[in-house]
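Dear colleague,

I am passing on the structure below, followed by an account of what was found in it. Please keep it open while you read.

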Amino acid sequence: MAEETRLIRSGLKSSTGKPPAKTVGPPIQKGSTVLLPNAASLYDDDAFITYGRQGLAAHDALKAALCELENAKGVELYPSGVAALSGAMLAVLRAGDEVLVVDTIYKPTRRFCDHVLKRFGVTTRYYDPRQSPEDLVGGANEAVKLIVLESPGSLSFEMQDIAAIAALAKARGILTLADNTWGAGYLIKPLDHGVDIAVQALTKYVGGHSDVFMGSAAAASTRLARQLCDGVLHLGWAVSPEDAYQMLRGLRTLPTRLGRHGESGLAVAAWLRGQPEVAEVLHPALPGAPDHALWARDYTGACGLFGFVLRPAPEAAVDAFLDQLKLFGLGFSWGGFESLAISCDHQLKTRKFHPDYGGPLMRLHIGLEDPNDLIADLRAGLDAYAKAI
Ligand SMILES: Cc1ncc(COP(=O)(O)O)c(C=O)c1O
């Protein structure tokens, strides 16, 4: 054979004749093409993976591990958390349906509902996170097919009674979907509380290092797992095998990291509560904070994300606080090893039930640094804030 042909055929077999080495993690297979052993297997989708988009070794290992984490019948992977939320909704909704979405939902999910779902004939109604489960489900009309929850809510951290909403919805034949990025599938397992689909941005705590995007949707039944799988297939989503491997690696240390994030977050939150510039701390795991009882009932721990309200001051003082911080980065995508801070008021404007905190709302992500160093950094920021008032 010519050299071109020999080069194309080269390296396909082991040079030693031994099977591949067994490593702790799965092999990172890279491939769009999957080679089938014979003609009969080309269309035998039950027995063979026939395409490389989602079925390679690292994808498979990550899906299996996430099924274990979420107590799910099936898990699908998506290129980002937003893609998981939009993909799961597209998989279960059709034109003419109505979806009830909590008003404290992550803002890009709202954008998807208001723009994409609307274009495809699905109506979205936003509900107050503090509406009772009875009023929420009791007020749903016949067109409602899905209720979307996020607990605690983005930026303002209201807790929802997930189990009560899921039970009432089930009795009415309405599906429930929870964005459980705060709980990371570990601090609470929504499927165990009756939720049908649990979504999380793996980008945050599962990845844990602020360098990979991915999302997952976990299904409580094999029928829903099939629906999610078909949705991914129809829309052609793929995640890279390297990214799947990274997520699996992150998953191994998720409980250890979350423990530290949660502990340090509570230490910082308790300290903030005693500072004269702080009006209120919004951390559901902090005793005495809003909705603490619901958190204590349902969660095994906390992550490092919470909010606090500053005493009223002009916007320039908020900027002075943020600009003074040396250890906290100013950035949005949380869940990594590093601490972050943002101001939130700009993002609250799109809400239907606008909360009035009487002062600027801030959000912190507490990373893996020593909490005493973080507290010293925040104290310097609050000094700058007080000076700018
Ligand atoms: C609650 C919540 N859900 C979903 C997402 C989206 O994740 P991704 O950045 O992977 O799209 C985020 C991102 O900040 C989030 O905070």
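To begin with the ligand, one of its oxygen atoms is 3.0 Å from an N or O atom in the side chain of Lys204, which is a polar contact in the sense used here (a pair of N or O atoms within 3.5 Å; within protein, one must be able to donate a hydrogen and the other to accept it, and residues adjacent in sequence count only if both atoms are side-chain atoms). Taken alone the ligand exposes 390 Å², and the protein buries 93% of that, with accessible areas taken from the Shrake-Rupley method with a 1.4 Å probe, where for residues only the protein chains shown count as cover.

This is a predicted model, in which local features need pLDDT of at least 70 and side-chain atom pairs count only at pLDDT 80 or more, while totals for chains, interfaces and linings use all residues. Residues are numbered from 1 along each chain as its sequence is written, and side-chain values use heavy atoms, with hydrogens and water left out.

A polar side-chain atom of Thr203 lies 2.5 Å from an oxygen atom of the ligand, and a backbone N or O atom of Val82 lies 3.0 Å from an oxygen atom of the ligand. In total 14 residues surround the ligand, and the closest are Gly81, Val82, Asp179, Thr203 and Lys204; a residue is counted if one of its heavy atoms lies within 4 Å of the ligand. Helix 3 (residues 81-92) gives the largest share of this shell, 3 residues, where helices (H or I, at least four residues) and strands (E, at least two) are DSSP runs numbered from the N terminus. By class, the shell divides into 6 nonpolar, 5 polar and 3 charged residues, with Ala, Val, Leu, Ile, Met, Phe, Trp, Tyr, Cys and Pro as nonpolar, Asp, Glu, Lys and Arg as charged, and the others, Gly among them, as polar.

Which pocket holds the ligand? The ligand sits in the second largest pocket, in that more than half of its atoms lie within 2 Å of the grid points. A pocket is an open set of points on a 1 Å grid over the protein atoms alone, where a 1.4 Å probe fits, with protein on both sides within 12 Å along at least five of seven lines, and lining residues have an atom within 4 Å of a point. About 600 Å³ of space lies in this second largest pocket, a volume being the space filled by probe spheres set on grid points that are joined across faces, edges and corners. Of the 34 residues that line the second largest pocket, the closest to its centre are Tyr106, Pro108, Ser154, Lys204 and Trp334. Helix 4 (107-119) supplies the largest share of that lining, 4 residues.

The largest pocket has a volume of about 700 Å³ and is lined by 21 residues, of which Ile49, Gln54, Lys63, Cys229 and Leu233 lie nearest its centre. Helix 7 (222-235) contributes the largest share of that lining, 6 residues.

Finally, a cis peptide bond joins Ser151 and Pro152, with omega about -5 degrees, and Pro152 is found in the loop between strand 4 (144-150) and helix 6 (162-171).

Best regards
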